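User: Walk me through this one, please; I would like to go element by element and then look at a few residues.

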Amino acid sequence: MDKTQALNAFAALSQETRLDVLRLLIKAGADGLLAGQIATALDVRQNTMSANLSILHAAGLIRNRREGRAVRYFADIEGLRGLLGFLMEDCCGGNPDLCRPVIEEVACAC
């Protein structure tokens, strides 16, 4: 992940509903959630939720899969891993290999 991608991810997460969506999708794990389920769980109107989901998707933090007329959303673990890697790439005195176990620990292979 480069600086521009990281800034886009942080901009997407700087809004309360979008942060709540990402946390909810991380909790949902591999099953993900339908857009309507996310809107209901967070008590957000569906058109507003759609806009928020689009922003998170464009930032590489979530992914989706069409199921007929519905869309199921998932946390994009690789996108999250990339963001964590970007934040920690210069850690430990410029020796990122020392931080790799931390990145692997917090970014599960869901």
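Analyst: A word on terms to begin with: helices (H or I, at least four residues) and strands (E, at least two) are DSSP runs, numbered from the N terminus. This is a predicted model, in which local features need a pLDDT of at least 70 and side-chain atom pairs count only at pLDDT 80 or more, while totals for chains, interfaces and linings use all residues. Residues are numbered from 1 along each chain as its sequence is written, and side-chain values use heavy atoms, with hydrogens and water left out.

User: OK, how many helices and strands does the chain have?

Analyst: The chain has 7 helices and 3 strands, and from the N terminus on its elements run α-α-β-α-α-β-β-α-α-α. Along its principal axes, the C-alpha trace spans about 50 × 25 × 20 Å.

User: And where is confidence lowest?

Analyst: With pLDDT being the predictor's confidence in each residue, from 0 to 100, the lowest confidence is in helix H7 (residues 100–106), at a mean of 69, whereas strand S1 (residues 33–34) has the highest, at 98. The chain as a whole averages 90, and 92% of the residues score at least 70.

User: Switching to packing: which residues have the most contacts inside the largest nonpolar core?

Analyst: Those are Leu25, Ile38 and Leu61, in a core of 24 residues; a nonpolar core here is a set of buried Ala, Val, Leu, Ile, Met, Phe, Trp, Tyr and Cys residues joined through side-chain atoms within 4.5 Å. H1, helix H2 (16–28), helix H3 (35–42), helix H4 (46–58), S3 and H5 each supply at least two residues of this core. As background, nonpolar side chains in soluble globular proteins tend to be buried together.

User: What does Leu61 touch?

Analyst: Taking contact to mean heavy atoms within 4.5 Å, and leaving aside residues up to four places away in sequence, Leu61 touches Ala9, Ala12, Leu13, Leu22, Leu56, Ala75, Asp76, Leu80 and Leu83.

User: Is Tyr73 buried or exposed?

Analyst: Tyr73 counts as buried because its relative accessibility is 11%, where buried means under 20% relative accessible area, exposed over 50%, and partly exposed in between (1.4 Å probe, protein chains only). Tyr73 is found in strand S3 (residues 70–75), and beyond four places in sequence its contacts include Leu25, Ile38, Leu53 and Arg63. The C-alpha atoms of Tyr73 and Leu22 are 9.8 Å apart in space, although the two residues are 51 apart in sequence.

User: How do H1 and H5 cross?

Analyst: The axes of helix H1 (residues 3–13) and helix H5 (residues 77–88) come within 10 Å and cross at roughly 115 degrees; axes are lines fitted to C-alpha atoms, for helices over the stretch in contact, and angles run from 0 to 180 degrees between N-to-C directions. Lys3, Ala6, Ala9 and Phe10 of H1 and Leu83, Phe86 and Leu87 of H5 make the contact.

User: What is that contact by class?

Analyst: The contact of H1 with H5 has 6 nonpolar, no polar and 1 charged residues, if Ala, Val, Leu, Ile, Met, Phe, Trp, Tyr, Cys and Pro count as nonpolar, Asp, Glu, Lys and Arg as charged, and the others, Gly among them, as polar.

User: What about Phe10, how accessible is it?

Analyst: Phe10 lies in helix H1, and it counts as partly exposed because its relative accessibility is 37%. Outside its sequence neighbourhood of up to four places, Phe10 touches Leu83 and Leu87. Leu84, found in helix H5, is also partly exposed, with a relative accessible area of 26%.

User: Now loops. Where does Asp90 lie?

Analyst: Asp90 is in the loop between H5 and helix H6 (91–94), and it is exposed because its relative accessible area is 61%. Its C-alpha atom is separated by 13 Å from that of Lys3, 87 residues away along the chain.

User: What is phi of Asp43?

Analyst: Phi of Asp43 is near 55 degrees, which is a positive value in a residue other than glycine. Asp43 lies in the loop between H3 and H4 and counts as exposed, at 72% relative accessibility.
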